[in-house]
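Welcome! Try each task before reading its solution.

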Amino acid sequence: MAEQSQKGPSLKEQFWDPVAGFGVTFRTMFRKVVTEQYPKEKFPTAPRFHGRHQLNRWPDGLEKCVGCELCAWACPADAIYVEGAQNDDTPDADGNSQRYSAGERYGRVYQINYLRCILCGLCIEACPTRALTMTNEYELADDNRADLIYEKSDLLAPLLPGMEQPPHPQRLGDETAYYRGENAATPVDAGDRPAASVAAQAPSQEETA
């Protein structure tokens, strides 16, 4: 080895290795450049793309989240914070029910910190009621760190025609009827909804898989 090092580099090392190192450069330098015209032109994402989270509702407007906190426990980045509370069917001073979900509990506080979230989807796998799904929305960048901590109001699916803003009593029967899908038909047809609303309420690929 000492004798070989004294002789200096071989012809291959002198001439071929530098050329081979620029192989990728030489192969691509004469190709046509393709420039993505983002954000003016946006291409659709894959059907199972993991984007911004969404807290779904039942067809009567009640929240599907029961505040079990399983999503927070499953999150490897500790990006989810949940505080559960008990539903109360006792009428308030105006005679209105204080029920927010179809279960015994609901998510009183729900936060996702997108500074930590890695969009892995483990949280939606852990959700027992399919309350938490992931949309195809990927434009989450911001210039303020505080705005990347999404609150419950930011994550809740919008109310569709026929839905009622909680709190209110169960409109579709008892708790069993909700989770078995009995009398739980969606109040409007997909063709009557705006495209954004259809995407917001349609079951994701994770729900149907």
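**Exercise 1.** Find where Cys 65 is located and decide whether Cys 65 is buried or exposed.

*Solution.* Start with the location: in this predicted model, Cys 65 lies in the loop that runs between strand 1 (53-55) and helix 4. Next, look at the accessibility. Cys 65 has a relative accessibility of 13%, and the cut-off for buried is under 20%, so Cys 65 counts as buried. Finally, check the surroundings: setting aside residues up to four places away in sequence, Cys 65 touches Leu 55, Ser 101, Arg 105, Tyr 106, Gly 107, Tyr 110 and Ala 131.

**Exercise 2.** Which residues does UniProt list under "binding site", and how far apart do they get in space?

*Solution.* First, the record: an unreviewed UniProt entry gives this feature at Cys 65, Cys 68, Cys 71 and Cys 127. These positions are spread over 63 residues of sequence, yet they cluster in space, with a largest C-alpha distance of 10.4 Å. One more step: Cys 65, Cys 68, Cys 71 and Cys 127 are included in the lining of the largest cavity.

**Exercise 3.** Describe the surroundings of Lys 152.

*Solution.* Begin with helix 6 (residues 152-155), where Lys 152 is found. With 13% relative accessibility, Lys 152 counts as buried. Now list the contacts, not counting residues up to four places away in sequence: Lys 152 touches Leu 55, Glu 63, Tyr 106, Gly 107, Arg 108 and Tyr 110. Two of these partners deserve a second look. The side chains of Lys 152 and Glu 63 are joined by a polar contact of 2.8 Å. Tyr 110 is 42 residues from Lys 152 in sequence, but their C-alpha atoms are 4.8 Å apart.

**Exercise 4.** Which residues touch the most other members of the largest nonpolar core?

*Solution.* This core has 23 residues, and the answer is Leu 55, Cys 71, Ile 80, Tyr 110, Tyr 114, Leu 132 and Leu 155. Then ask about the elements: helix 4 (70-74), strand 2 (80-86), strand 3 (105-113), helix 5 (122-126) and strand 4 (132-134) each give two or more residues to this core. To finish, there is a second, separate core of 5 residues, among them Trp 58, Ala 102, Leu 172 and Tyr 178.

Terms used:
Residues are numbered from 1 along each chain as its sequence is written. This is a predicted model: local features need pLDDT of at least 70, side-chain atom pairs count only at pLDDT 80 or more; totals for chains, interfaces and linings use all residues. Side-chain values use heavy atoms; hydrogens and water are left out. A nonpolar core is a set of buried Ala, Val, Leu, Ile, Met, Phe, Trp, Tyr and Cys residues joined through side-chain atoms within 4.5 Å. Buried means under 20% relative accessible area, exposed over 50%, partly exposed in between (1.4 Å probe, protein chains only). Helices (H or I, at least four residues) and strands (E, at least two) are DSSP runs, numbered from the N terminus. UniProt positions are given in the numbering used here, feature names are shortened, and annotations may be inferred rather than shown by experiment. On a 1 Å grid over the protein atoms alone, a cavity is a set of points where a 1.4 Å probe fits but cannot get out, and a pocket is an open set with protein on both sides within 12 Å along at least five of seven lines; lining residues have an atom within 4 Å of a point. Contact means heavy atoms within 4.5 Å. A polar contact is a pair of N or O atoms within 3.5 Å; within protein, one must be able to donate a hydrogen and the other to accept it, and residues adjacent in sequence count only if both atoms are side-chain atoms.
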